[in-house]
Amino acid sequence: MKKIFSLVIALSVCAVSNAQIEAGFLNDFEDGTTQGWSNGGSSPNPPTNVPDGGPGGAGDGFLEEISGGGAGPGSRMIIFNGNPEWLGDYSNAVVVALDFDAKVPTNDDLLLRVAMEGGSDDTAISSTIPVTIPGQSSWSGYTISLLPSDFTIVSGSNTVEEVLQDVVDVRILHSTDPSYIGESIEATLHLDNITAIGSFGINDALINSFKTSPNPVQNELHLRAEIHIDTYIIYNLLGAKVGQGTVSTSEKTIDVSALTTGTYLIEVTSQGQSSSQKFIKQ
């Protein structure tokens with residue numbers, strides 16, 4: 001079964017001329033197609049729809065992209081979508097993040113970024129900080145923030161804000177540095193549940209999906225949420241801060257072995273919103 005986001009409504013929107021990006025728009029690849037994701041007509045290994053084996057298990061379709069490495073068409077890890085449902089004014093739609101499930105069955109880590117083109121002169125922008133999908137990984141949830149402060153201008157004279165108000169192309173790509181064309185690598189990427197996240201749902205998603213385990217814990221505390229976690233702070237019951245750090249993904253393992261036995265509160269933040277839970281250190 002597909003995971004259900006409490007923060008969004010999955011929209012089935014037909015590709016008509018007046019369609020544009022809306023918070024909650026979802027590509028779940030259950031219709032047997034790539035739902036508009038491509039890597040160019042000349043690629044020898046275009047994205048394909050795999051009907052079984054997604055994060056939901058048997059019968060859960062997903063998107064597979066294979067890059068060949070070297071040079072020429074199909075060498076770079078990149079997919080893009082020009083369907084109207086992914087284009088338009090991200091600022092007016094208050095779309096602040098891209099959420100997806102991913103895994104990499106090949107050996108190398110992939111550094112995924114979102115890149116966009118738009119504005120009056122088709123300025124290209126790219127995520128400044130990537131999310132890392134480990135090689136030989138299993139399915140896991142990831143979030144890439146789409147706030148203006150999270151992008152770097154790759155080419156063109158428009159501002160990031162101007163691009164986000166008039167997006168004409170959306171890309172997911174692997175690159176060590178911010179890029180609009182991606183980086184050559186021999187790898188395979190599996191993607192599912194690509195979702196446009198609206199800011200109205202960030203706090204709900206954080207509260208409803210934030211989990212810690214194990215609890216009680218001895219050495220390693222695992223954090224997990226359906227959306228990107230920015231930071232965490234650990235407090236003791238007197239309110240003193242005893243640990244903190246950055247996360248930048250939807251998961252984190254924290255070494256709590258140095259904490260004394262007792263009850264603690266861990267607070268996580270995502271895009272200015274916060275949620276907290278108690279845990280017991282044995």
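This is a predicted model: local features need pLDDT of at least 70, side-chain atom pairs count only at pLDDT 80 or more; totals for chains, interfaces and linings use all residues.
Let's start with a pair. Arg 224 forms a salt bridge with Glu 251, and the closest N and O atoms are 3.7 Å apart. Arg 224 sits in strand S15, residues 220–236, while Glu 251 sits in strand S16, residues 241–255, so the bridge ties together parts that are 27 residues apart in sequence.

Mean pLDDT for the protein chain is 87, with 90% of residues at 70 or more. Residues 1–17 fall below 50, and that stretch has 42 contacts in the model beyond near neighbours in sequence.

How many salt bridges does the count give? It comes to 2. Besides the pair I opened with, Arg 171 and Asp 169 meet through their side chains, at 2.6 Å from N to O. Here the cut-off matters: buried means under 20% relative accessible area. Arg 171 has 15%, so it counts as buried. Asp 169 has 10%, so it counts as buried too.

Next, Asp 101. This residue lies in strand S6, residues 95–103. Asp 101 is buried, at 4% relative accessible area. What does its side chain contact? The side chain of Asp 101 makes a polar contact with the side chain of Asn 193, at 2.7 Å.

Now the whole chain. The protein chain has 3 helices and 18 strands. Of its 282 residues, 47% are buried. Among contacts with a separation of 6 or more, 69% join residues 24 or more positions apart. Accessible surface is about 12200 Å², and carbon and sulfur atoms hold 50% of that.

How values were computed. Residues are numbered from 1 along each chain as its sequence is written. Side-chain values use heavy atoms; hydrogens and water are left out. pLDDT is the predictor's confidence in each residue, from 0 to 100. Contact means heavy atoms within 4.5 Å. Helices (H or I, at least four residues) and strands (E, at least two) are DSSP runs, numbered from the N terminus. Buried means under 20% relative accessible area, exposed over 50%, partly exposed in between (1.4 Å probe, protein chains only). A polar contact is a pair of N or O atoms within 3.5 Å; within protein, one must be able to donate a hydrogen and the other to accept it, and residues adjacent in sequence count only if both atoms are side-chain atoms. Accessible areas come from the Shrake-Rupley method with a 1.4 Å probe; for residues, only the protein chains shown count as cover. A salt bridge is a side-chain nitrogen of Lys or Arg within 4 Å of a carboxyl oxygen of Asp or Glu.
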